[in-house]
Amino acid sequence: MNVFSPKNAGVAGNIWKCVIIYITNKRTYAPIFTIYLLLMPDATTQTVGIVLGIAQLIGFVFEIPSGYLADTMGHRNALIIGKSFFVLSTLMYVVASGTVFFIFGAIFFALAGAMLSGTSSVFIKETLILLGRESEFTSILGKIKSNGFIASILAIVAVAFMSEVNYRYAFTIVFVLDCIGLLMTIMLRPVSQKETRVLNSTLFNLKDNIFIRYMKLGWLRYVFVLESIIAIAFAVIAAFRDPLQQKVGFSLSMIGIFFALSRVGIFLALRCNGVLKPYMNFKRLIILQGTTFTVSLLGAGYFENQWVVAVCLMVGAIGMWGFDALKYNLYLDHIGHSCYKASFLSINNFVQKIFSSLFSFLVGMIIIHDNYELSFLIYGYVTVVIVMIAMFILKNQIIVKEKIVA
């Protein structure tokens, strides 16, 4: 059976619907968001920082509770709520007449991101288990995510074109896509007659809560190392890629082309996740991503040739998102049959956000006192050190300890 066929009905139809959902999850308005915000009559440059800061704070605070809520209310229901927040967020931008609309939009965006993070992967995994296709999870998730990235290129072009006419038209396109995504999410079928849910309130129980269960998994050192190098990539490459490319002499149009090319690279890398799966464990994934980020960071910081810098930054972008299916497969395989899957993945995302906040602050301090290149070099060497430590102190395999559904 072709799991991606739109002809599939029932639970089997969840997969092709998830493809559309992942496509509509992409925030294709990102390149024009700040420009649109600054067009508001009461906006200043400080407003941008305030809006982004509020979104980051809400996402930070709500990350762990969102995973617990997803496990409690059912993963399909959590996906519907998350997509609804995306719809509300984009609607705020469509009707915006002042910065207060952007603040509410940022809040809804953060809530959506927290609610969807990890939950969608858990839902796909549970769907494949029910279909007897669990062994293909990495390959199928990689294809779903890759389709999201390649299709987003077309949406980005459409949004950019419409922004030349009217910014509201551009955000209306995203709003329509979000509504389609919400409709697809509502059409998802529960993975069983009654979705596996957390029956007891264990978030704040001192003797038996999700944090205690999380620690019993015995994977914290692996999560810390893997999420720390990914956090470095987000704090440096994702945040300062465009400013560095502008500094070395590229126009905005060329930056857009590089952005699109990196999406093609991510598409191809995700397609290869299924092939890499038999050879991958936590330690090897850390080495793979760490090496990728090292090449990107040191190359972008050391070389002066603008084309070499551009290639290095594209390599970094591919490393950030091109191995997502492998990472989630390893996480979910290690979690085993626990019914706290979304909660555990949310804690992992929370760990990454802590590292990202710290690294972003330090990157900003370096740039204020020196330049972009130095920050890339410093974090390139930091990544080398982390990977070297991982090679010597981490084992190739770890034992899954959480096997009981509770």
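**Briefing: helix packing and cores**

Thr294 sits in helix α13, which spans residues 282–302. The model is predicted. Its chain has an average pLDDT of 84, and 92% of the residues score at least 70.

- Thr294 has a relative accessibility of 14%, so the residue counts as buried, the cut-off being under 20%.
- Leaving aside neighbours within four places in sequence, Thr294 contacts Gly299, Gly380, Thr383 and Val384.
- Helices α13 and α17 pack at about 160°, and their axes are 8 Å apart.
- That angle makes α13 roughly antiparallel to α17, because angles over 145 degrees are classed that way.
- The α13–α17 crossing is left-handed.
- On the α13 side, the contact includes Lys283, Ile286, Ile287, Gly290, Phe293, Thr294, Leu297 and Leu298.
- On the α17 side, residues including Glu373, Phe376, Leu377, Gly380, Thr383, Val384 and Val387 take part.

**Tyr372 in α17**

- Tyr372 belongs to helix α17, residues 372–393.
- Its relative accessible area is 22%, so Tyr372 is partly exposed.
- Tyr372 and Leu244 are 128 residues apart in sequence, yet their C-alpha atoms are 6.5 Å apart in space.
- Not counting residues up to four places away in sequence, Tyr372 touches Phe240, Pro243, Leu244, Lys247 and Ile367.

**The α4–α8 pair**

- α4 packs with helix α8 (residues 167–186) at an angle of about 165°, with axes 9 Å apart.
- The two helices are therefore roughly antiparallel to each other.
- α4 passes α8 in a left-handed crossing.
- Contact residues of α4 include Arg76, Leu79, Ile80, Lys83, Phe86, Val87, Thr90, Leu91 and Val94.
- From α8, the contact includes Arg168, Phe171, Val174, Phe175, Asp178, Cys179, Leu182 and Ile186.

**The α1–α7 pair**

- Helix α1 (residues 14–25) and helix α7 (residues 137–165) have axes that come within 8 Å and cross at roughly 40°.
- α1 and α7 are therefore oblique to each other.
- The α1–α7 crossing is right-handed.
- α1 contributes Ile15, Cys18, Val19, Tyr22 and Ile23 to the contact.
- These residues meet Ile140, Leu141, Ile144, Lys145, Asn147, Gly148 and Ala151 in α7.

**Nonpolar cores**

- In soluble globular proteins, nonpolar side chains tend to be buried together.
- The largest nonpolar core here has 86 residues, and Ile124, Trp219 and Phe376 have the most contacts inside it.
- Helix α10 (residues 220–247) gives the most to this core, with 14 residues.
- Another core lies apart from the largest one and has 20 residues, among them Ala55, Val94, Ala170 and Val174.
- Val94 of α4 and Val174 of α8 also belong to the contact between those helices.
- Phe376 of α17 likewise takes part in the contact with α13.

**Confidence**

- Confidence is highest in helix α4 (residues 75–94), at a mean of 94.
- It is lowest in helix α2 (residues 30–38), at a mean of 79.
- Over residues 193–199 the pLDDT is below 50, and this stretch has 20 contacts in the model beyond near neighbours in sequence.
- Residues 399–406 also have pLDDT below 50, and this stretch has 25 such contacts.

Methods. Residues numbered from 1 in each chain as written. Predicted model: local features only at pLDDT ≥ 70, side-chain atom pairs only at ≥ 80, totals over all residues. Heavy atoms only, no water. Core = buried A, V, L, I, M, F, W, Y, C linked by side-chain atoms within 4.5 Å. Buried < 20%, exposed > 50% of the residue type's maximum accessible area, 1.4 Å probe, protein only. Helix = DSSP H or I, 4+ residues; strand = E, 2+ residues; numbered from the N terminus. Contact = heavy atoms within 4.5 Å. pLDDT = per-residue confidence, 0-100. Axes fitted to C-alpha atoms, helices over the stretch in contact; angles between N-to-C directions. Parallel < 35°, antiparallel > 145°, perpendicular 65-115°, else oblique. Left-handed = near helix turned anticlockwise from the far one by under 90°.
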